[in-house]
Amino acid sequence: MAEAPMSCDCFVSLPPGSRDDQVIFGKNSDRPRDEVQEVAYHPAATHPPGSRLECTYIQIPQVERTRAIILSKPAWMWGAEMGANDQGVCIGNEAVWTREPVAPGEALLGMDLVRLGLERGDSAQAALTVITGLLEQHGQGGQCREDPAPFSYHNTFLLVDRNEAWVLETAGRLWVAQKITEGVKNISNQLTIGAQISAEHPELRRMAQAQGWWDGEGEFNFSQAFSPENPPARMELAKKRYRGGTELLQQHDGFVTAEVMMSILRDKPSGICMDSGGFCTTGSMVSVLPRDTSLPCIHFFTATPDPSRSIFKPFVFSGSSSRALRVLSPQFGPDDPVRKQPRFESQVDRRHDLYKAHQADEGFAVHETLREMESQCLSEISAMLNGEIPGEELGDLFFDCVDTEIKFYQ
């Protein structure tokens, strides 16, 4: 049987695409079905000069200060599929294949670059500069799933803040970016940037011309020049999801809210909510970024597979933000199969408490009750953002929602 596609979908709505004066970000992370995704909060930190940072496979120089971040990440890796920082920056990544071959050996994963952009960037454009600089310096590559069978890819990214969004597409160490300032946009495992280029690697066009992918005279179109002639099935199947996602966004253009974005991420007929063979949607995220900087950004995470049967739980950065231990996976230190050579020769149980409770609820016994809780939470947050009710201390909001969800399962 042909392997089902490993893929992801990212979405953004900026005014006037959004109903309110908000930027709405959403992403589904589609990964191997049994892979556990945890939600991890890391506070802002300072680091000694000359210190090194251990990413998934390689070490790089650490910076002096890193921002507070919240991540949804495969439990085995250092990097993340998606997340946000305390400055209202959100980033998600997707796999893509190009004419540029995937380099052998281990480098930075695209997921490492997501986390690094969040830790070091105080705006979407600043995070873009972080990611492209690290990409040019260290490259991208390495095993992208917890399995000894080789599998790696290039990456595309969606970077969003309260004011704008950037689509970043890469081919090896080369890259191109497009700035989005209004309306709706989605990406899905394929190159989408044509001639509307806002920033690019200084050697991009020279390299394309040297390879014979562009004649150097006509209009330069990145996706035409760098898309593979015989794309993998994953990229071909992603075209249907890309069109479906675009249609869903356009149906709600001018009226996009957090609830609308959640409904899109839960859409199974389009394939956006994936449930196919060995792969499924293993984690989901929606963020509400008000243009009014006096209002907090709200980030929602599932921490469990399949958003159609999971609920989105809100997280808000505050001085009292705390880690929700029940959505953090066990740590195995130097005995972790990802740390031992050869890698992934054994398996460990990475399930956290919420994952186990969700997994045990095979009959969806409390599904309706949990969705009612989600709806009530969304209504209260909307009222707070509209100034209808005062905002309370929100630092433990995600922690409390996780605890309540587990109690319902029990």
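Tutor: Helices and strands are here DSSP runs numbered from the N terminus, a helix having at least four residues (H or I) and a strand at least two (E). The model is a predicted one. As background, most peptide bonds are trans, and most residues other than glycine have a negative phi.

Two peptide bonds may be considered at the outset. Pro15 and Pro16 are joined by a cis peptide bond, its omega being near 5°. Pro16 belongs to the loop that runs between β1 (8-14) and β2 (22-32). The bond from Gln341 to Pro342 is also cis, and its omega is about -10°. Pro342 is placed in the loop between β19 (313-315) and α7 (353-360).

The phi angles come next. Asn189 is not a glycine, yet its phi is positive, near 55°. This residue sits in the loop between β14 (183-187) and β15 (199-200). Since buried means under 20% relative accessible area, Asn189 counts as buried because its relative accessibility is 0%.

Asp306, likewise a residue other than glycine, has a positive phi of about 60°. The loop between β18 (298-301) and β19 holds Asp306. With a relative accessible area of 13%, Asp306 is buried.

Pro16, Pro342, Asn189 and Asp306 each lie in a loop.

Definitions and conventions:
Residues are numbered from 1 along each chain as its sequence is written. This is a predicted model: local features need pLDDT of at least 70, side-chain atom pairs count only at pLDDT 80 or more; totals for chains, interfaces and linings use all residues. Side-chain values use heavy atoms; hydrogens and water are left out. Buried means under 20% relative accessible area, exposed over 50%, partly exposed in between (1.4 Å probe, protein chains only).
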